[in-house]
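Hi,

Here is the structure I promised to pass on to you. Have a look at it first, and then read on for my notes.

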Amino acid sequence: MTTSGPDDSFSDDSFHVFDTTLRDGAQREGINLTVADKLTIARHLDDFGVGFIEGGWPGANPRDTEFFARAKAEITFKNAQLVAFGATRRPGARAEDDPQVAALLDSGAPVVTLVAKSHDRHVELALRTTLEENVAMVRDTVSHLRAQGRRVFVDCEHFFDGYRANPEYAKSVVRAASEAGADVVILCDTNGGMLPAQIQAVVATVLADTGARLGIHAQDDTGCAVANTLAAVDAGATHVQCTANGYGERVGNANLFPVVAALELKYGKQVLPPGALAEMTRISHAIAEVVNLTPSTHQPYVGVSAFAHKAGLHASAIKVDPDLYQHIDPGLVGNRIRMLVSDMAGRASIELKGKELGVDLGTDRELVGRVVARVKERELAGYTYEAADASFELLLREEAEGRALSYFRTESWRAIVEDRPDGTHANEATVKLWAKGERIVATAEGNGPVNALDRALRVGLERIYPQLAKLELLDYKVRILEGTHGTESTTRVLITTGDGEGDWSTVGVGENVIAASWQALEDAYTYGLLKAGVAPAE
């Protein structure tokens, strides 16, 4: 059974964080949410501590209607209130007789957001009614919902474009909504074409002229949605509408996570429950998994590259003081610093990366120098270690311990692709290995030569190392490096492997894709055994 609203442990109505991932964010190309998906995301958002979660448009489609019914029965919200989205009554009708308005009430949501036209051309061309009737539609619908005990927010669609065309009419819609009892009137940059200075000027003017409590809803078509949202806050808006990871129609909406981080860390506003900001990276990635989109590596605050450092100059400074090249402590948002190892690496990069990986290089400057030289040499040959931490750790341990980490030795391997008369292909691989003094010959088929090699390697070694049964090849990338030999050009392969608890990446380089893949597979299995705590062979 759900509560009608959040508990009182964190309750401050002076500033609203309003999330519309389940409604506006779901309009992104490539996102198709089931009811179960929406319930999961709602729980994540509530855990994060947003004040309002817009669940969708009940009555407009069966999925959203079902979501509200199940959310009411299945979720006890700790921090958020559930919001139903819908439109004002139809022209010429009464709000109490409009079935779409009735569906908003039937949803059981304690808060309703109404979308209203505030651009005169949209009123006349899309609604096909008069400007006066549109204002009456806003006033009547808000009044009716308020009389039924609902809290009401009004989204003024296309507000900024409408304000530019007819500022007095746009403001009249704001006044009508506010006077009828809307708690907040949200100014929407629906086409996403505004810039921060324009947003700030308009919000300040409308606030002064109407006295209404204002919010902001910004689309990201100019790449300014986050900046526009913060500009509106600077002008007096006290309600921000965002989506997780910036999901939304076209190029998306204002991204919830950098907006909230800026409000808390740059503006000093506590808009989340205490401690919630440290969960931001986890929540961002968890929602990305639900919508089945790879988390953006370069997203501010929460991307895995947000606090990654590659240049040797940066590493040297960070070794002295991390704040010299970071605008915040990444731990504040649940992220972490990462050192990238590449041909740009210097001694400081290697030392910090070693510490990150748990390999203590001590004060051995000669050892660090050897690692730097070897990395630069191998990067010149086509290897890349910034994307293959596991391969780098194996290299680092080899230099530190004076020998390569070894669990098995390869005698030979072979992969065969057979082209059959019926147009199908058969892929078979044979590997000959030595492990714990035993010679192993294993053969396996696969859906490609690399998959066949992976299976043969697993067949050969699982009896001796049962820990390998947990390993799974998660991702496989091939890149043909620049060269002048056509199909004989150098190939680089990156493989990501997981064990159900984490994943790691390895790299291989060779004159053909199979040879490069074998190198990456060897590193992947070696690192997996190291991670499992298996002692290497003598």
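Below is what I found in it, going from the whole chain to single elements.

Please keep in mind that this is a predicted model. The protein has 17 helices and 16 strands, and buried residues account for 53% of its 538 residues. If you take the contacts between residues at least 6 apart in sequence, 68% of them join residues at least 24 apart.

Six of its six residues are buried, so E6 is largely enclosed by the rest of the structure. In a regular strand, side chains alternate between the two faces of the sheet. In E6, Val184, Ile186 and Cys188 point one way, while Val185, Leu187 and Asp189 point the other way, and all are buried.

Strand E5 (residues 151-157) runs parallel to E6 and is joined to it by four bridges. Here Asp155 stands opposite Ile186 of E6. Strand E7 (residues 214-218) also pairs with E6 in the parallel sense, over five bridges, and His217 of E7 is the bridge partner of Cys188. To get from E6 to E7, the chain passes through helix H8 (residues 196-210), and this β-α-β crossover is right-handed.

Next, Thr229, which lies in helix H9 (residues 225-234). Is Thr229 buried or exposed? Its relative accessible area is 0%, which is under the 20% cut-off, so Thr229 counts as buried. Apart from neighbours within four places in sequence, Thr229 is in contact with Ile216, Ala218, Val240, Ala254 and Val259.

Helix H10 (residues 256-266) is largely enclosed by the rest of the structure, because nine of its 11 residues are buried. The buried residues of H10 include Phe257, Val259, Val260 and Leu263, and Glu264 is one of them too. What do the buried residues of H10 pack against? They pack against strand E1 (16-19), helix H1 (35-48), H9, strand E8 (239-242) and helix H11 (280-291).

**Helices H4 and H5**

Two packed helices are described by the angle between their axes and the distance between the axes. For helix H4 (residues 120-127) and helix H5 (residues 131-147), the angle is about 95° and the axes are 9 Å apart. Since that angle lies in the 65 to 115 degree range, H4 is roughly perpendicular to H5. H4 brings Asp120, Val123, Glu124 and Leu127 to the contact, and H5 brings Leu131, Asn134 and Met137. By type, the residues of this contact are four nonpolar, one polar and two charged.

E11 and E12 pair over 10 bridges, and Val417 stands opposite Asn427 in E12.

Strand E12 (residues 425-435) and strand E13 (residues 438-446) are paired antiparallel over nine bridges, and the bridge partner of Lys432 in E13 is Val441. These two strands form a hairpin with two residues between them, and Lys436 in the turn has a positive phi of about 50°.

**The sheet E14-E15-E16**

Another open sheet of three strands has the order E14-E15-E16, again with antiparallel pairing. Strand E14 (472-480) and strand E16 (503-510) are the edge strands, each pairing on one side only. E14 is joined to strand E15 (residues 491-498) by eight bridges, and Ile480 has Thr491 of E15 as its bridge partner.

Happy to talk any of this through when you have had a look.

Best wishes

Note on methods:
Residues are numbered from 1 along each chain as its sequence is written. This is a predicted model: local features need pLDDT of at least 70, side-chain atom pairs count only at pLDDT 80 or more; totals for chains, interfaces and linings use all residues. Side-chain values use heavy atoms; hydrogens and water are left out. Axes are lines fitted to C-alpha atoms, for helices over the stretch in contact, and angles run from 0 to 180 degrees between N-to-C directions. Angles under 35 degrees count as roughly parallel, over 145 as roughly antiparallel, 65 to 115 as roughly perpendicular and the rest as oblique. Contact means heavy atoms within 4.5 Å. Ala, Val, Leu, Ile, Met, Phe, Trp, Tyr, Cys and Pro count as nonpolar, Asp, Glu, Lys and Arg as charged, and the others, Gly among them, as polar. Buried means under 20% relative accessible area, exposed over 50%, partly exposed in between (1.4 Å probe, protein chains only). Two strands pair if DSSP finds at least two bridges between them. A crossover is right-handed if, with the strands pointing away from the viewer, the path from the first strand over the helix to the second runs clockwise.
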